[in-house]
Amino acid sequence: MHFGVVHNISMNQIVVRRFATVYLLLLGLVFLFVPSATAQGIPVLLYHRVNDQETDWSLLTVSTAEFSRQLQLLRNHGFQTITPEQLGTFMREEQVTLPDKPLLITFDDGHTDNYTQAFPLLKNAGYSATIFMVGINFDRANRLTSAQIRKMAANGFSLGAHSMTHPILPKLNAPKLRAEVIGSKKKAEEVIRAEVGYFAYPGGFYNLATVEAVQMAGFQGAFSVLSGLNQPKRDNIYLLRRIPIFRYTDFDQLLEKLIEPPSKPSLLDY
Ligand SMILES: [Zn+2]
């Protein structure tokens with residue numbers, strides 16, 4: 001197997017990266033071997049919606065009671081939230097101060113309930129989160145307003161880019177791809193009046209051209225929906241891993257895996 005090649009990608013080694021990306025696409029699923037507890041890596045959770053309105057329920061919606069319970073469990077186990085910048089610095093193996101049990105909480109698509117429901121619960125738990133916004137959705141119906149995003153940013157939340165229109169990026173030609181990626185960075189930076197350094201691939205879809213466009217646009221890293229935890233020596237900063245939380249995710253089982261890493265190499269299926 002070629003896990004060594006896949007997981008030790010230097011962003012300067014274009015040939016290796018090209019091979020690795022193709023290899024990842026062909027593989028479809030990435031199987032991770034976790035050698036020890038200390039090398040387990042940093043978890044990034046991916047949410048979409050937190051809502052109790054029946055009309056808004058979907059696989060991607062978590063109820064406020066369940067979200068609140070999940071935050072309490074994370075707090076009970078000592079997890080503390082970090083920013084994408086802290087994760088990025090850790091992944092580049094540069095000096096960074098991290099809590100004992102670092103965790104990054106992310107939301108994709110920027111639904112209004114991220115502000116009305118999730119934000120107060122997160123704040124109450126002493127947590128922050130990162131919201132990945134689609135460029136054209138700022139100030140649109142049922143999506144976050146610029147003012148709400150600035151309010152969250154003032155409370156330590158981060159803003160990330162999630163393309164302009166949420167297309168399947170690998171299907172786009174080069175000019176359209178660039179416009180989606182660069183446009184979303186510019187728009188988010190206008191709203192937040194600060195640099196936006198991280199991107200999330202819409203639907204998790206990426207290929208070599210996508211990753212290169214994100215890098216060329218000046219993003220410092222990007223989030224995928226590849227499963228697992230983030231380890232500097234193994235993982236690519238432009239393919240950061242996230243654990244999706246769905247309506248029916250067994251959070252207790254997930255938490256057990258996060259707090260009790262296997263003592264010998266085994267298959268990690270989250
Ligand atoms: Zn999305």
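A: A term comes before the packing: a crossing is left-handed if the near helix is turned anticlockwise from the far one by less than a right angle, and right-handed if clockwise. This is a predicted model, in which local features need pLDDT of at least 70, side-chain atom pairs count only at pLDDT 80 or more, and totals for chains, interfaces and linings use all residues. Residues are numbered from 1 along each chain as its sequence is written.

Q: What is the handedness of the crossing where H3 passes H5?
A: H3 passes H5 in a right-handed crossing. Helix H3 (residues 64-76) and H5 pack at an angle of about 25 degrees, with their axes 10 Å apart, which makes H3 roughly parallel to H5. Angles under 35 degrees count as roughly parallel, over 145 as roughly antiparallel, 65 to 115 as roughly perpendicular and the rest as oblique; axes are lines fitted to C-alpha atoms, for helices over the stretch in contact, with angles running from 0 to 180 degrees between N-to-C directions.

Q: Which residues of H3 and H5 meet?
A: From H3 there are Thr64, Phe67, Ser68 and Leu71, and they meet Gln117, Ala118, Leu121 and Leu122 in H5, where contact means that the C-beta atoms, placed from the backbone, lie within 7 Å. By class, the contact of H3 with H5 has five nonpolar, three polar and no charged residues (Ala, Val, Leu, Ile, Met, Phe, Trp, Tyr, Cys and Pro count as nonpolar, Asp, Glu, Lys and Arg as charged, and the others, Gly among them, as polar).

Q: And how do H7 and H8 cross?
A: The axes of helix H7 (residues 174-192) and helix H8 (residues 208-216) come within 9 Å and cross at roughly 45 degrees, and the two are therefore oblique to each other. The contact is made by Leu177, Arg178 and Val181 of H7 with Ala209, Thr210, Ala213 and Val214 of H8, a set that divides into five nonpolar, one polar and one charged.

Q: Switching to H4, which of its residues are buried?
A: In helix H4 (residues 84-91) the buried residues are Pro84, Leu87, Phe90 and Met91, a residue being buried if 20 or more other C-beta atoms lie within 10 Å of its own, exposed if 12 or fewer, and partly exposed in between. Seen down the axis of H4, these buried residues fall within an arc of 125 degrees, so they line one face of the helix; the arc is that of the directions from the helix axis to the C-beta atoms.

Q: What do they pack against?
A: The buried residues of H4 pack against strands S5 (102-108), S6 (130-133), S7 (158-161), S8 (198-200) and S9 (221-223). Helices (H or I, at least four residues) and strands (E, at least two) are DSSP runs, numbered from the N terminus.

Q: What about Asn142, buried or exposed?
A: Asn142 counts as exposed, with 10 C-beta neighbours inside 10 Å. Its place is in the loop between S6 and helix H6 (146-154), and its phi is near 65 degrees, a positive value in a residue other than glycine.

Key
Contact = placed C-beta atoms within 7 Å.
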